[in-house]
Amino acid sequence: REAERAMAACRAYLHEATKDLDVLLTPSATGEAPAGLDNTGDSSFNILPTWTHVPCVTLPPFKGPSGLPVGLQLIGHPFRDHRLFEISRTVFSALSS
């Protein structure tokens, strides 16, 4: 129950901290995607949206040194998934040009 209260406090803090933002932009991972299918890489940057119950989208607009994708993560607001998708399309188009 203490952990649930802590997560509720984190959700409230995130909501307040991002209320004037359309999305929050973060890395998706610590570097480029790993080669092969054995591992999806470090998921540290996925903890925030998972624990705070907010939608997120990962975009692969860049390539790393090995030619594998480097992702950016856009984090949206609760129940505003449609807005996150709209913004994601715009960001991806701008970065892929």
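Reply: Charge first, then the fold, then the pocket. The model is predicted. In the protein, 8 side chains are positive and 10 are negative, with the centres of the two sets 6 Å apart.

The protein has three helices and three strands, and read from the N terminus the order of these elements is α-β-α-β-β-α. The C-alpha trace spans about 45 × 30 × 20 Å along its principal axes. Of the contacts in the protein between residues at least 6 apart in sequence, 56% join residues at least 24 apart.

As for cover, the protein has 97 residues, and 24% of them are buried; here buried stands for under 20% relative accessible area. The protein exposes about 6800 Å², with carbon and sulfur atoms supplying 59% of that area.

Rolling a probe the size of a water molecule over the atoms shows where empty space is left. The largest pocket holds about 160 Å³ of space. Its lining comprises 17 residues, and those closest to the pocket centre are Ser 28, Ala 29, Ala 33, Thr 40 and Gly 71. Two elements give two or more residues to this lining: strand 2, which covers 56-63, and strand 3, which covers 69-75. Gly 71, one of the residues closest to the centre, falls within the 69-75 range of strand 3.

Conventions:
Residues are numbered from 1 along each chain as its sequence is written. This is a predicted model: local features need pLDDT of at least 70, side-chain atom pairs count only at pLDDT 80 or more; totals for chains, interfaces and linings use all residues. Side-chain values use heavy atoms; hydrogens and water are left out. Helices (H or I, at least four residues) and strands (E, at least two) are DSSP runs, numbered from the N terminus. Buried means under 20% relative accessible area, exposed over 50%, partly exposed in between (1.4 Å probe, protein chains only). Contact means heavy atoms within 4.5 Å. Accessible areas come from the Shrake-Rupley method with a 1.4 Å probe; for residues, only the protein chains shown count as cover. Lys and Arg count as positive and Asp and Glu as negative; His and the chain ends are not counted. The place of a charge is taken as NZ of Lys, CZ of Arg, CG of Asp or CD of Glu. On a 1 Å grid over the protein atoms alone, a cavity is a set of points where a 1.4 Å probe fits but cannot get out, and a pocket is an open set with protein on both sides within 12 Å along at least five of seven lines; lining residues have an atom within 4 Å of a point. Grid points are joined across faces, edges and corners, and a volume is the space filled by probe spheres set on the points.
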